[in-house]
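Dear colleague,

My notes on it follow directly after.

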Amino acid sequence: MNRTIEGSFQLIGGDFTNAGESSMQLKQKLTEIELGKDIIKKAAVVAFEAEMNVIIHAAAGWLRYYITKQELRIVIEDMGPGIADIELAMKEGYSTAPEWVKNMGWGAGMGMANMKRNCDEMKVDSVVGEGTTIDIIINLNNS
Ligand SMILES: Nc1ncnc2c1ncn2[C@@H]1O[C@H](COP(=O)(O)OP(=O)(O)O)[C@@H](O)[C@H]1O
Ligand SMILES: [Mg+2]
């Protein structure tokens, strides 16, 4: 009854061919274990934005998830440039995505704000020149 369901996906910077694959597989898993529609929608947004950020901004990373009766936790850890000013990065419309990424339709600067809006807790840890870890919790009780 206190079982944790967990899994992980490897992410590769610049790999736009497989972009969205990890969040799609997580979404499938959540559907399979019959979490509510609202939870699945929130988790899909969070996972997709986080996955895209690793692909756009970092070199490589992991998306891991842990599901208990109480919560869905998604942890995205990357090796990359890190984020110097986290508060600024959270602002809607702020983006350092290069022009060619923007030309593909990414890099609107809404990802971090979207993640924040679709979870109950979001913790960002980053070391410039090393990488970023984002720890997200979506409560599964009364939501
Ligand atoms: N994993 C990451 N590694 C390095 N920088 C990041 C990462 N995630 C976000 N950022 C920084 O935060 C900014 C805002 O992120 P976001 O809101 O997702 O917008 P976007 O990805 O469209 O630029 C990015 O442009 C980038 O400067
Ligand atoms: Mg983004």
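In this predicted model, 32 residues line the largest pocket, and those nearest its centre are Asn 53, His 57, Ile 83, Thr 96 and Met 112. The pocket holds about 660 Å³ of space. Two or more lining residues come from each of H2, strand E3 (71-79), helix H3 (86-90), H5 and strand E5 (131-139). Of these elements, H2 contributes the most, with eight residues of the lining. By class, the lining of the largest pocket comprises 18 nonpolar, 11 polar and three charged residues.

What takes up the space of the largest pocket? That space is taken by ligand 1. The ligand is surrounded by 18 residues, and the closest are Asp 78, Ser 95, Thr 96, Gly 109 and Met 112. This shell consists of eight nonpolar residues, nine polar residues and one charged residue. Helix H2 (37-57) and helix H5 (111-117) each provide at least two residues of the shell.

In the side chain of Asp 78, an N or O atom lies 2.8 Å from a nitrogen atom of the ligand. The side chain of His 57 likewise places an N or O atom 2.9 Å from an oxygen atom of ligand 1. On its own, ligand 1 has 530 Å² of accessible area, and the protein covers 95% of it.

With kind regards

Note on methods
Residues are numbered from 1 along each chain as its sequence is written. Chains are lettered from A and ligands numbered from 1 in the order in which they are written. This is a predicted model: local features need pLDDT of at least 70, side-chain atom pairs count only at pLDDT 80 or more; totals for chains, interfaces and linings use all residues. Side-chain values use heavy atoms; hydrogens and water are left out. A residue is near a molecule or strand if one of its heavy atoms lies within 4 Å of it. A polar contact is a pair of N or O atoms within 3.5 Å; within protein, one must be able to donate a hydrogen and the other to accept it, and residues adjacent in sequence count only if both atoms are side-chain atoms. Accessible areas come from the Shrake-Rupley method with a 1.4 Å probe; for residues, only the protein chains shown count as cover. On a 1 Å grid over the protein atoms alone, a cavity is a set of points where a 1.4 Å probe fits but cannot get out, and a pocket is an open set with protein on both sides within 12 Å along at least five of seven lines; lining residues have an atom within 4 Å of a point. A molecule sits in a cavity or pocket if more than half of its atoms lie within 2 Å of its grid points. Helices (H or I, at least four residues) and strands (E, at least two) are DSSP runs, numbered from the N terminus. Ala, Val, Leu, Ile, Met, Phe, Trp, Tyr, Cys and Pro count as nonpolar, Asp, Glu, Lys and Arg as charged, and the others, Gly among them, as polar. Grid points are joined across faces, edges and corners, and a volume is the space filled by probe spheres set on the points.
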